[in-house]
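This report covers backbone geometry, helix faces and helix packing. Open the structure and follow along.

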Protein chains: 2
Amino acid sequence: MRPPYYAVIFTSLRTTKDEGYEVTATKMLELASQQCGYLGVETVRSANGEGITVSYWRDLESIRNWKIQSEHLLAQKKGKDVWYRSYKVRICQVKETYDFEY
Amino acid sequence: MRPPYYAVIFTSLRTTKDEGYEVTATKMLELASQQCGYLGVETVRSANGEGITVSYWRDLESIRNWKIQSEHLLAQKKGKDVWYRSYKVRICQVKETYDFEY
């Protein structure tokens with residue numbers, strides 16, 4: 001994937017409540033990967049509950065479509081009600097990339 | 001901080017070698033925060049060595065200046081030689097944000 005493409009940076013702080021979190025998180029990654037315009041995802045959560053998930057998309061329309069996908073909407077609601085103490089979403093255009101492999 | 005501003009997404013996989021990694025990582029976060037145009041940072045590393053660090057900047061010039069800062073250049077070299085198995089850097093323009101606080 002070559003720039004320009006789009007990234008959604010989702011930074012969050014979990015509550016200590018589980019209530020199906022892992023199952024839903026895995027399901028959302030799977031559903032996202034089936035969406036039109038999906039390019040990939042990178043996700044990390046530390047032991048103290050801080051998480052950063054970055055998903056990559058072809059264009060803004062793909063991001064909008066995923067945001068309003070029906071099962072994703074239900075997960076977003078439960079995220080606010082139960083799973084997250086706080087979160088922030090940043091929608092970005094990726095302009096330049098470089099990498100290193102040992 | 002209101003969009004537009006810039007984000008540098010640094011995703012990495014660590015080797016198992018320490019050799020002063022934590023000290024340097026902390027020092028780099030401190031030095032970055034003193035740079036002109038620095039807006040903030042969010043960083044998470046999981047137990048299995050995957051990390052995502054996102055730093056936020058006012059403009060591309062601030063990002064370029066930080067990339068060539070002398071101590072940071074030394075850290076980048078040691079990163080390639082010792083600390084990282086692989087990494088990827090994505091330079092992005094943040095276009096839109098929203099958040100949630102419980």
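In chain A, the loop between strand 1 and helix 1 holds A:Glu19. The model is predicted. Phi of A:Glu19 is near 45 degrees, a positive value in a residue other than glycine. Most residues other than glycine have a negative phi, and most peptide bonds are trans. A:Glu19 is partly exposed, at 46% relative accessibility.

Chain B has its own entry of this kind. B:Glu19 sits in the loop between strand 1 and helix 1 of chain B. Phi of B:Glu19 is near 45 degrees, again positive in a residue other than glycine. B:Glu19 is partly exposed, with a relative accessible area of 47%.

Two peptide bonds also deserve a look. The bond from A:Pro3 to A:Pro4 is cis, with omega near 0 degrees. A:Pro4 belongs to the segment before strand 1 of chain A. The bond from B:Pro3 to B:Pro4 is cis, with omega near 0 degrees. B:Pro4 lies in the segment before strand 1 of chain B.

| Item | Value |
|---|---|
| A:Glu19 | phi near 45 degrees |
| B:Glu19 | phi near 45 degrees |
| A:Pro3 to A:Pro4 | cis, omega near 0 degrees |
| B:Pro3 to B:Pro4 | cis, omega near 0 degrees |

A:Pro3 leads on to A:Glu96. Leaving aside neighbours within four places in sequence, A:Glu96 is in contact with A:Pro3, B:Val89, B:Arg90 and B:Ile91. A:Glu96 is placed in strand 4 of chain A. A:Glu96 is partly exposed, with a relative accessible area of 42%. A:Glu96 and A:Arg2 are 94 residues apart in sequence, yet 8.3 Å apart in space, C-alpha to C-alpha.

Now the helices. Helix 3 of chain A spans residues 70–83, which is 14 residues. From first C-alpha to last, helix 3 of chain A reaches 18 Å, close to the 20 Å expected at 1.5 Å a residue. Which residues of helix 3 of chain A are buried? They are A:His72, A:Ala75, A:Gly79, A:Val82 and A:Trp83. Seen down the axis of helix 3 of chain A, the buried residues fall within an arc of 110 degrees, so they line one face of the helix. An α-helix has 3.6 residues a turn, so residues three or four places apart point the same way. The face of helix 3 of chain A turned away from the buried side carries exposed A:Ser70, A:Leu74 and A:Lys77. Cover for the buried residues of helix 3 of chain A includes strand 1, helix 1, helix 2 and strand 4 of chain A.

How do helix 1 and helix 3 of chain A pack, at what angle and with what distance between axes? The angle is about 145 degrees, and the axes of helix 1 and helix 3 of chain A are 11 Å apart. The crossing of these helices of chain A is left-handed. Helix 1 of chain A contributes A:Tyr21, A:Thr24, A:Lys27, A:Met28 and A:Leu31 to the contact, and helix 3 of chain A contributes A:Glu71, A:His72, A:Ala75 and A:Trp83. By class, this contact of helix 1 with helix 3 of chain A has 5 nonpolar, 2 polar and 2 charged residues.

Technical notes. Residues are numbered from 1 along each chain as its sequence is written. Chains are lettered from A and ligands numbered from 1 in the order in which they are written. This is a predicted model: local features need pLDDT of at least 70, side-chain atom pairs count only at pLDDT 80 or more; totals for chains, interfaces and linings use all residues. Side-chain values use heavy atoms; hydrogens and water are left out. Helices (H or I, at least four residues) and strands (E, at least two) are DSSP runs, numbered from the N terminus. The expected span of a helix is 1.5 Å times one less than its number of residues. Buried means under 20% relative accessible area, exposed over 50%, partly exposed in between (1.4 Å probe, protein chains only). The arc is that of the directions from the helix axis to the C-beta atoms. Contact means heavy atoms within 4.5 Å. Axes are lines fitted to C-alpha atoms, for helices over the stretch in contact, and angles run from 0 to 180 degrees between N-to-C directions. A crossing is left-handed if the near helix is turned anticlockwise from the far one by less than a right angle, and right-handed if clockwise. Ala, Val, Leu, Ile, Met, Phe, Trp, Tyr, Cys and Pro count as nonpolar, Asp, Glu, Lys and Arg as charged, and the others, Gly among them, as polar.
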